[in-house]
Amino acid sequence: MKKIINNIILLIIIALCAFACTEDYLTDGGIAKAETELTVYDYLKANRYDMFDTLVQIIDSLELEETINSAGTFFAPTDYSIQLYLESMTDTLVKYTEVSDILTYTLKHLFNDLEQSAMLQYVIDDAVCSLKNATLKWR
């Protein structure tokens, strides 16, 4: 009986493996374009993975949209990075006040404390690198 059950399970696993394979992932979407019609701000806002929602709110609150769009390079911190910053600030508050039950550094605190200079450290006037002048170096 145990041998029959094992054989049935094995057949089910083989059948699932055979029917689970599809070739949809092989569909080619064409050649990727290195440039976009969107501004930096619009690209961050339209990101399909919603990785920059909080950053867009920060840019809006500091009124930096034009500065970001006119920059040569903008190193955009993701929502995950901002969340890590909030957690780090919470840990710092708990460490120095020794009150762990009530202290949480939230986005509201961040918006109150943040100044334009804190975000401008991610903005560079010149383009750091572009595909037009990039070289391949093999070692």
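## A tour by selection

Start with Thr-73, which sits in strand β1, residues 73–74. The model on screen is predicted. Colour Thr-73 by accessibility: its relative accessible area is 13%, and because the limit for buried is under 20%, Thr-73 counts as buried.

Next, show what surrounds Thr-73. Leaving aside residues up to four places away in sequence, Thr-73 touches Tyr-122, Val-123, Ile-124, Asp-126, Ala-127 and Val-128. From that group, pick Asp-126 and display its backbone oxygen; the side chain of Thr-73 reaches this atom at 3.0 Å.

Now select the aromatic rings. The structure holds one aromatic pair. Its members are Tyr-85 and Tyr-105, arranged edge-to-face, with 6.4 Å from centre to centre and 85° between the planes. Tyr-85 belongs to helix α5 (residues 79–97), while Tyr-105 lies in the loop between α5 and α6 (107–113), so the pair ties together parts that are 20 residues apart in sequence.

Tyr-85 is partly exposed, at 40%.

Met-1 is exposed, with a relative accessible area of 74%.

Conventions:
Residues are numbered from 1 along each chain as its sequence is written. This is a predicted model: local features need pLDDT of at least 70, side-chain atom pairs count only at pLDDT 80 or more; totals for chains, interfaces and linings use all residues. Side-chain values use heavy atoms; hydrogens and water are left out. Buried means under 20% relative accessible area, exposed over 50%, partly exposed in between (1.4 Å probe, protein chains only). Helices (H or I, at least four residues) and strands (E, at least two) are DSSP runs, numbered from the N terminus. A polar contact is a pair of N or O atoms within 3.5 Å; within protein, one must be able to donate a hydrogen and the other to accept it, and residues adjacent in sequence count only if both atoms are side-chain atoms. Contact means heavy atoms within 4.5 Å. Rings of Phe, Tyr and Trp (its six-membered ring) pair if their centres lie within 6.5 Å; planes under 30 degrees apart count as stacked, over 60 as edge-to-face and the rest as tilted.
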